[in-house]
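Visitor: Could you take me through the terms used for this structure, setting each value against its cut-off?

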Amino acid sequence: MKFQCLGYFNQEKMDALPQKEVDAIMQECEHHLKAFYENEQVLTDAAVSQKGMKIQRVNDAIQVDNVELPESKRMIGSSFMIEAKDMEEAIHIASQHPTVIVTQGEQLGWEIEVRAIEGYYER
């Protein structure tokens, strides 16, 4: 089975840190990511920009607008896909991601959401 994992963070808490401290935390993440990527069950991993465009049909026409950030402090920072036999194994694999491993993440609202993929297309 494939699982999509979304990594979240608290934007306000991240913004409150000095840039030097954020850079140090991100450097620690890089070290853990290298180990995470060694697991062949990790299929993809992407850091997600906080800026984007929204495409939708409105009054029978395609409309494109800037994405409005939600009022929530919980923001998506990463998205990765893994292969696992079941949810228990998926949770085990996801728990090796820096979002969970880096200790400062707890104070910064870092968390991972794991969902089974019910439909999947790959070129």
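**Contacts, burial and ring pairs**

Guide: Leaving aside its neighbours within four places in sequence, His97 is in contact (heavy atoms within 4.5 Å) with Leu33, Phe36, Asp45, Ser78, Phe80 and Ile112. This is a predicted model, in which local features need pLDDT of at least 70 and side-chain atom pairs count only at pLDDT 80 or more, while totals for chains, interfaces and linings use all residues. Residues are numbered from 1 along each chain as its sequence is written, and side-chain values use heavy atoms, with hydrogens and water left out.

Visitor: Why is His97 called buried?

Guide: Buried means under 20% relative accessible area, exposed over 50%, and partly exposed in between, with a 1.4 Å probe and protein chains only. His97 has a relative accessible area of 5%, so the residue counts as buried.

Visitor: Which of these words apply to Phe36 and Tyr37?

Guide: Phe36, at 3% relative accessibility, is buried, whereas Tyr37, at 41%, is partly exposed.

Visitor: What makes the pair of Phe36 and Phe80 edge-to-face?

Guide: Rings of Phe, Tyr and Trp (its six-membered ring) pair if their centres lie within 6.5 Å, and planes under 30 degrees apart count as stacked, over 60 as edge-to-face and the rest as tilted. The centres of Phe36 and Phe80 are 5.2 Å apart and their planes stand at 85°, so the pair is edge-to-face.

Visitor: Why is the pair of Phe36 and Tyr37 called tilted?

Guide: The Phe36 and Tyr37 rings lie 6.2 Å centre to centre with 55° between the planes, and therefore they form a tilted pair.
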